[in-house]
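Try each task yourself, then follow the solution step by step.

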Amino acid sequence: LAPAQDWEAIAPLHTYMASVEAIQNGFSLVRICSKGFTAMFDGHGKLLAGMSASPSNPPDDLLLAHVPTRRFPTPYAAVGQSFFAVACVLFLFGCVFASAVAWVHQGTPAKVHFE
């Protein structure tokens, strides 16, 4: 459950942004928003139900949906942000190595073979 209070201009965007972390970790999300877009997502990111509310259009309806309570495993939940951090460090070392090789060979002319 994620209670919120958005304003009209940002309402749908904030709801979808809130669903990203739940989807990454395989959780369902029920986001109740008093002045924006109330939504229910399953762990795969599928919008199960949604309803807009604004100060000019208060909600008079009832929102019902079957929201799964079981979490399912995702690669992100298993590896987390550590994989991304290691990949960035390896990329940085690769860039430094390529720059060092280019710097060492900058005065060496390229060999061209004509046949």
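**Exercise 1.** Find the helix that holds Ser19, and decide whether Ser19 is buried or exposed.

*Solution.* Start with the position: in this predicted model, Ser19 belongs to helix H1, which covers residues 11-24. Next, take its relative accessible area, which is 4%. The cut-off for buried is under 20%, so Ser19 counts as buried.

**Exercise 2.** Work out what Ser19 has around it.

*Solution.* Begin with the side chain: a polar atom of Ser19 lies 2.6 Å from the backbone oxygen of Tyr16. Then set aside the neighbours within four places in sequence; Ser19 is in contact with Leu29 and Phe41.

**Exercise 3.** Search the whole structure for salt bridges, and say which residues take part.

*Solution.* The search gives one salt bridge. Its partners are the side chains of Arg31 and Asp6, at 3.0 Å from N to O. Now place each partner: Arg31 sits in strand S2 (residues 29-33), while Asp6 is in the loop between strand S1 (2-4) and H1. The pair is 25 residues apart and links distant parts of the chain.

**Exercise 4.** Find where confidence is highest and where it is lowest among the elements of the protein chain.

*Solution.* First take the chain overall: the average pLDDT is 84, and 89% of the residues score at least 70. Then go to the elements: strand S3 (residues 37-41) is highest, at 91. Helix H2 (residues 75-79) is lowest, with a mean of 81.

Conventions: Residues numbered from 1 in each chain as written. Predicted model: local features only at pLDDT ≥ 70, side-chain atom pairs only at ≥ 80, totals over all residues. Heavy atoms only, no water. Helix = DSSP H or I, 4+ residues; strand = E, 2+ residues; numbered from the N terminus. Buried < 20%, exposed > 50% of the residue type's maximum accessible area, 1.4 Å probe, protein only. Polar contact = N/O pair within 3.5 Å; in protein donor to acceptor, adjacent residues only side chain to side chain. Contact = heavy atoms within 4.5 Å. pLDDT = per-residue confidence, 0-100. Salt bridge = Lys/Arg side-chain N within 4 Å of Asp/Glu carboxyl O.
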